[in-house]
Amino acid sequence: MQEQEHWKHMASLNKETFRALMTEYGQEVWNYAFLITKRADLADDISQDVFLKVYQNIGTFRGESSFKTWLFSITRNTAINYRRSAFIRKVTLVEWIVRPDTHNSAEDEAMELCLAEDIWQVVLKLPIAYREVLILDAKYELTNKEIAEVLGISQGTVKSRLSRARSKVTKMWRERETLEGV
């Protein structure tokens, strides 16, 4: 709650505060943009645009939601605008998502990385409506209410999409295992 109050009263950002904001949230904004667009180069552009918008519009943040929710809403809207452009409609390849290093053994890290990459490949095949709610829930641990705010949909729709997304991932995972003979 204290964070919300801090940002709520900001009329503008000085250089140090803006740098701290980018350091704290930059990777999460980039990850979310990537998961929406499936392209690293677009995630770079979107992240820059998001922080430019935050810098220009910090005075409009009213504190009715968490700062992170507001930031993800800006990220989502910016990414959607990018996806709508004619250039984005071209066929793109899905790039690999690499998890941050952990402190397990090298073998454990390799196994976890392979599993995480496999899971992300399945998640990235979901339609955007399902992919978004699943990512905001599982990766960013937003509540259903916060997800509804970010996406501009009702909490009931969030619950429904989450359920369907989980079912689709389970089904795709089982089909994948069957094909691979696991």
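**Figure 1. Overall fold of the chain.** Residues 24 or more positions apart supply 65% of the contacts in the chain that have a separation of 6 or more, a contact being heavy atoms within 4.5 Å. The model is predicted: local features need pLDDT of at least 70, and side-chain atom pairs count only at pLDDT 80 or more, whereas totals for chains, interfaces and linings use all residues. Numbering starts from 1 along each chain as its sequence is written, and side-chain values use heavy atoms, with hydrogens and water left out. The chain contains 8 helices and 0 strands, in the order α-α-α-α-α-α-α-α along the sequence. Helices (H or I, at least four residues) and strands (E, at least two) are DSSP runs, numbered from the N terminus. Of the 182 residues, 39% count as buried; buried denotes under 20% relative accessible area, exposed over 50%, and partly exposed in between (1.4 Å probe, protein chains only). The chain exposes about 11000 Å², of which carbon and sulfur atoms supply 52%. These areas come from the Shrake-Rupley method with a 1.4 Å probe, and for residues only the protein chains shown count as cover.

**Figure 2. The largest nonpolar core.** This core has 45 residues, and those with the most contacts inside it are Tyr32, Val54, Phe67, Leu71 and Leu136. Two or more residues each are given to the core by α2, α3, α4, α5 (106-124), α6, α7 and α8. Helix α2 provides the largest share, 9 residues. A nonpolar core is a set of buried Ala, Val, Leu, Ile, Met, Phe, Trp, Tyr and Cys residues joined through side-chain atoms within 4.5 Å.

**Figure 3. Surroundings of leucine 136.** Which residues are in contact with leucine 136, leaving aside its neighbours within four places in sequence? They are Tyr32, Phe72, Glu141, Leu142, Ile147, Val150 and Leu151. Both Tyr32 and Leu136 are listed among the core residues with the most contacts inside it.

**Figure 4. Salt bridge between lysine 68 and glutamate 28.** The two side chains meet at 3.0 Å, N to O. Lysine 68 belongs to helix α4 (residues 67-84) and glutamate 28 to helix α2 (residues 15-37), so the pair ties together parts that are 40 residues apart in sequence. Glutamate 28 is partly exposed, at 24% relative accessibility. The structure holds 4 salt bridges, each defined as a side-chain nitrogen of Lys or Arg within 4 Å of a carboxyl oxygen of Asp or Glu.

**Figure 5. Salt bridge between aspartate 137 and arginine 166.** The N to O distance of this salt bridge is 2.7 Å. The pair links distant parts of the chain, with aspartate 137 in helix α6 (residues 128-138) and arginine 166 in helix α8 (residues 155-180), 29 residues apart. Arginine 166 has a relative accessible area of 41% and is partly exposed.

Figure 6. Lysine 38 lies in the loop between α2 and α3 (40-57). This residue has a positive phi of about 65 degrees although it is not a glycine, and it is buried, with a relative accessible area of 19%. The side chain of arginine 39 forms a salt bridge with that of aspartate 41 (2.6 Å, N to O). Arginine 39 is buried at 13% relative accessible area, whereas aspartate 41 is partly exposed at 36%.

**Figure 7. Glutamate 141 in its loop.** Glutamate 141 is located in the loop between α6 and α7 (144-151). Its phi is positive, about 55 degrees, although the residue is not a glycine. Is glutamate 141 buried or exposed? Glutamate 141 is exposed, with a relative accessible area of 65%.
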